[in-house]
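I opened this model to check a few local features. My notes follow the order in which I looked things up.

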Amino acid sequence: MTDKEQKHLTDFGFKKVPEEEKAEHVKEVFNEVAPRYDLMNDILSFGLHRMWKHAAIHKADIKESMKVLDIAGGTGDISLLIEKKIGPSGEVWLTDINLEMLKIGERRLREAGYVPYVAECDAEALPCPSSYFDVVIVSYGLRNMTHKDRALAEMLRVCKPGGKVIVLEFSKPAAWMKPFYDFYSFHVMPFLASKIAGNAENYRYLAESIRMHPDQQTLAKIMSSVGFSKVEWENFTFGITALHIGYKN
């Protein structure tokens with residue numbers, strides 16, 4: 001393989017695939033996990049994902065009447081938390097590249113009595129006006145994006161001056177936890193997924209994608225490099241998950 005060909009490859013878990021194919025591979029994974037995605041999140045995280053998401057919403061400091069963009073919002077759990085804060089005069093846009101996940105999210109929001117804005121789209125090319133949203137949030141979706149810098153630049157573009165972008169994502173745990181976390185991720189998690197969801201491979205990919213995602217400091221540097229005026233981050237549960245906040249002047 002030539003150097004030129006190598007430059008067009010990107011990670012899909014521990015594998016390398018052509019950049020233009022990654023989005024389709026990610027779609028396939030989430031098409032298959034969509035029906036039991038929320039159940040598996042509860043089981044595999046011991047319910048901690050709910051705590052992490054509530055903490056992210058608290059840090060976002062969402063107020064009534066705000067406009068909020070939920071990127072890779074999937075089954076709508078983040079959008080539901082946002083809807084409770086913005087009131088009838090606010091807006092939440094639920095977006096995802098995966099239609100099957102998005103259908104679940106839209107249905108959940110409507111069943112809860114909301115009429116959401118919903119868009120199937122790629123986060124690297126958001127169909128949203130510039131400087132429109134007070135808050136942009138992506139929860140456990142950034143690591144699946146092919147060009148994270150492009151996606152973050154798009155989030156910055158659609159954010160209002162004075163607004164913020166929230167990135168909640170799995171990250172690099174403390175060194176003492178790594179052996180336990182690796183054993184759980186690569187042995188226990190696929191086993192449980194095979195028994196409950198009937199598919200271990202998709203959850204093995206999810207574990208691999210976490211390992212390929214930039215660590216806390218690297219992600220902060222990427223956010224700064226695309227133009228955020230200030231970036232701060234904090235760890236949850238010994239670094240298993242990290243919350244990054246980027247601000248726009």
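This is a predicted model: local features need pLDDT of at least 70, side-chain atom pairs count only at pLDDT 80 or more; totals for chains, interfaces and linings use all residues.

**Entry 1: Lys53**

I started with Lys53. I found Lys53 in helix H4, which spans residues 48-60. Is Lys53 buried or exposed? Its relative accessibility is 6%. The cut-off for buried is under 20%, so Lys53 counts as buried. Next I listed its contacts, leaving aside neighbours within four places in sequence. Lys53 touches Asn41, Asp77, Ile78, Leu81, Ser139, Tyr140 and Leu168. I kept Tyr140 from that list for the next entry.

**Entry 2: positive phi**

I then looked at backbone angles. Tyr140 is not a glycine, yet its phi is positive, near 55 degrees. Where does Tyr140 sit? I placed Tyr140 in the loop between strand S6 (133-139) and helix H7 (148-158). With a relative accessibility of 8%, Tyr140 is buried. Tyr140 is also one of the contacts of Lys53.

I located Ser65 in the loop between H4 and strand S3 (67-71). Its relative accessible area is 39%. That value lies between the 20% and 50% cut-offs, so I noted Ser65 as partly exposed.

**Entry 3: cysteines**

How many disulfides does the structure hold? I counted zero. Cys121 is in no disulfide, and the nearest cysteine sulfur to its own, that of Cys128, is 6.0 Å away. Cys128 is in no disulfide either, and its nearest cysteine sulfur is that of Cys121. A disulfide needs the two sulfur atoms within 2.5 Å, so the 6.0 Å between Cys121 and Cys128 rules this pair out. I checked burial for both. Cys121 is buried, at 10% relative accessible area. Cys128 is buried as well, at 7%.

**Entry 4: helix H7**

I went back to H7, the helix on one side of the Tyr140 loop. Which residues of H7 are buried? I listed Lys148, Ala151, Leu152, Glu154, Met155, Leu156 and Val158. The list includes the charged residues Lys148 and Glu154. What do the buried residues of H7 pack against? I found helix H2 (19-33), S3, S6, strand S7 (159-170) and helix H10 (216-225).

Note on methods: Residues are numbered from 1 along each chain as its sequence is written. Side-chain values use heavy atoms; hydrogens and water are left out. Helices (H or I, at least four residues) and strands (E, at least two) are DSSP runs, numbered from the N terminus. Buried means under 20% relative accessible area, exposed over 50%, partly exposed in between (1.4 Å probe, protein chains only). Contact means heavy atoms within 4.5 Å.
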